[in-house]
Amino acid sequence: MVATPRRRRSAALPATSSYDRAARASAAVVIREYSTSFGWATRMLHEPVRTHVRSIYALVRVADELVDDEAQRWDRSLRARLLDDLEEETYLAIEQGGSANLVVHAFALTAAQHGIGRDLVDPFFDSMRVDLSVQVHDPESLSGYVYGSAEVVGLMCLRVFVGGDEATYLRLAPGARRLGAAFQKVNFLRDLHADHSLLGRAYFPGVDLSTFTDRERDLLLDDIDADLSAAATSIPHLPSSSRRAVHAAHALFAALSARLRQTPAEQICRERVRVPDLQKARILARSAMVGR
């Protein structure tokens, strides 16, 4: 047996095993590796909310990478099998309380504590599976995809934010869904080139890169901004442990929406638009004062 120094446990989280702590630490590594803006925003969450949200995001990110990571030489059938295995392992972990997969184990701990069940997990995996079979969306399929890939993730996080207050959850659920939808659709627009050129996907019905116009861009952004506006009305009603972080995430994506509106459509079709780090830092600094 290797002797290791004793680590001080966080007072905000219940006493857990070393394995539980390792699982949660692995989730933090995933979010650090894959997300800049969202990762910065989560730092503003209070514990234990921060740890639980990272545990949700890590599973979501791993599933997404199984489907999308072009650096892996996996064919579609292997990706589908890996996704099926991850889904099965997630349900087993929720039911039995543990998994040999650290990311799944961390998610299961959060799901058990906050009542995240198959009503939210099923649609998520269904949407991930859609990416392996549907390349061109119509309005109906896009709506279902956005719900499963983004809106339910917002609802999972809301479960954590409200800490079991069902009345508050039901009252704020529409705003959480609109915020998730806005995040997903603004990412679709930002990644228009990569989705079409590398993944062969067209999320927005009727959008053709060869004829994409500023007017089409503005119509898409009008819809996104309507979601952001609706979501903003719920943020002041969130608990203080999550309010500043959600405000920051909302502000970061609103800034991305504004930058996309200022970017010519033909430029969006050939390169990824991003918010400069200095502007992100200013947004985070302003959001840190929310509710103080």
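## Charged pairs under cover

Asp 191 and Arg 190 are both buried. In this predicted model, the two side chains form a salt bridge, with 3.3 Å between their closest N and O atoms. A separate network, built from salt bridges that share partners, links Asp 214, Arg 217, Asp 218, Asp 222, Asp 225 and Arg 261. The total is 23 salt bridges.

Glu 65 and Arg 61 are buried too. Their side chains meet in a salt bridge at 2.9 Å, N to O. Both lie in helix 3 (residues 49–68), four residues apart, so about one helical turn separates Glu 65 from Arg 61.

Arg 159 and Glu 166 form a salt bridge, and their closest N and O atoms are 2.7 Å apart. Is Arg 159 buried or exposed? Arg 159 has 15% relative accessibility, so it counts as buried, because the cut-off is under 20%. Glu 166 is at 37% and counts as partly exposed.

In soluble globular proteins, nonpolar side chains tend to be buried together. Here the largest nonpolar core has 83 residues. Helix 7 (residues 139–162) gives the largest share of this core, with twelve residues. The residues with the most contacts inside the core are Ile 56, Phe 124, Met 156, Leu 158, Phe 161 and Leu 189.

Terms used
Residues are numbered from 1 along each chain as its sequence is written. This is a predicted model: local features need pLDDT of at least 70, side-chain atom pairs count only at pLDDT 80 or more; totals for chains, interfaces and linings use all residues. Side-chain values use heavy atoms; hydrogens and water are left out. A nonpolar core is a set of buried Ala, Val, Leu, Ile, Met, Phe, Trp, Tyr and Cys residues joined through side-chain atoms within 4.5 Å. Buried means under 20% relative accessible area, exposed over 50%, partly exposed in between (1.4 Å probe, protein chains only). Helices (H or I, at least four residues) and strands (E, at least two) are DSSP runs, numbered from the N terminus. A salt bridge is a side-chain nitrogen of Lys or Arg within 4 Å of a carboxyl oxygen of Asp or Glu.
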